[in-house]
Amino acid sequence: MSETKIDLPAVTGRGLAGSAEVPVRPMEFNRWVAGLPKYFAADGDIVMSHVLAVLSSTFPEGEKFFVRSVAAVRDDITDPKLRLDIEGFIGQEEMHGREHQVLNDRLAQHGYPTRGIDSYVRGLYWVRERIQTKKVNLAFTAALEHYTATLAELLLTDEEARKAVGKPGARDILTWHALEESEHKAVAYDVYKAVGGGEFIRIFVMFLTDLLFIFETGIMGVISIAKDRDARRHPVKLLRSLARLPKSPFVSLRALRILAQYHRPGFHPNDRDTRQLIAEWREALFGRDGDLTEVLAV
């Protein structure tokens, strides 16, 4: 495993829990998403709105699975630094799940099938946790954390990606989420390694994750759009929106290259040095004049 350290400046904010690298920020986005329109992506993009809604729909139960997977082996971790980061990881992921539920409830009011997706994901993880070992659960968690870290890096480094998200309510939640995914991107991986997780299982599980993630989110996206009566009433707009999707930063060659790095033997999440990126976005979002300081619930 890489010995890369992430030495970041002290976290600015108001009495935050967790470690300096993985702080827990209590957030309340309720009023920020209250007026979110149905097609919130840039230029009212139908397909991108559905893609982002599907991703958000998977987060609450997905984050709970991540928390359970790491918490299940917490007592086996002896490194005090990693134990502290685990507490930060759990706190951040629980907060992500809670605030994405706030967003999902608003999207459900517009007719997005967020509740159906949530139920499916809950059932999926219920089955997995009854047939998989703790170590395999951790391997899936680490693999999916690489997906979220990749999406986070794209969002934080590409202005076009941030513009594509569209309206401030959704964009602010995803930007905050992206910062914290970058902060804790190595925690599940390090826990997996600390309990004896091997390279073969890690890479094999990532291949399975690639297949399942693309297949399942693709099917969810098709179902979401098919259920949308407003989209069906505007077939030309829908087709134009669909034609723009391959040009999105989220499905770019850069995204695929970053995801593929996880398959390399010996890969570690910190091989992608995002320390400066994290420092800049901490200041932009939670510094003295940060964009999201008023959303902190402390």
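Keep in mind that the model is predicted. Two packed helices are described by the angle between their axes and the distance between the axes, and that's how the pairs are laid out below.

**H5 and H12**

- Helix H5 covers residues 134–157 and helix H12 covers residues 253–260; their axes sit 10 Å apart, at an angle of about 140°.
- H5 and H12 cross in a right-handed way.
- On the H5 side, the contact involves His146, Tyr147, Thr150, Glu153, Leu154 and Thr157, while H12 brings in Arg254, Ala255, Ile258 and Leu259.
- Sorted by class, that H5–H12 contact comes out as 5 nonpolar, 3 polar and 2 charged residues.

**H3 and H8**

- Helix H3 (residues 80–109) and helix H8 (residues 187–194) cross at roughly 135°, and their axes come within 10 Å.
- The handedness here is left-handed for H3 and H8.
- From H3, Leu82, Asp85, Ile86 and Phe89 meet a set in H8 made up of Val187, Ala188, Asp190, Val191 and Ala194.
- The class tally for H3 with H8 is 7 nonpolar and 2 charged residues, with no polar ones.

**Phe204**

- You'll find Phe204 in helix H9, which spans residues 199–226.
- Phe204 counts as partly exposed because its relative accessibility is 41%.
- Between Phe204 and Ala34 there are 42 Å in space, C-alpha to C-alpha, and the two are 170 residues apart in sequence.

Definitions and conventions: Residues are numbered from 1 along each chain as its sequence is written. This is a predicted model: local features need pLDDT of at least 70, side-chain atom pairs count only at pLDDT 80 or more; totals for chains, interfaces and linings use all residues. Side-chain values use heavy atoms; hydrogens and water are left out. Axes are lines fitted to C-alpha atoms, for helices over the stretch in contact, and angles run from 0 to 180 degrees between N-to-C directions. Helices (H or I, at least four residues) and strands (E, at least two) are DSSP runs, numbered from the N terminus. A crossing is left-handed if the near helix is turned anticlockwise from the far one by less than a right angle, and right-handed if clockwise. Contact means heavy atoms within 4.5 Å. Ala, Val, Leu, Ile, Met, Phe, Trp, Tyr, Cys and Pro count as nonpolar, Asp, Glu, Lys and Arg as charged, and the others, Gly among them, as polar. Buried means under 20% relative accessible area, exposed over 50%, partly exposed in between (1.4 Å probe, protein chains only).
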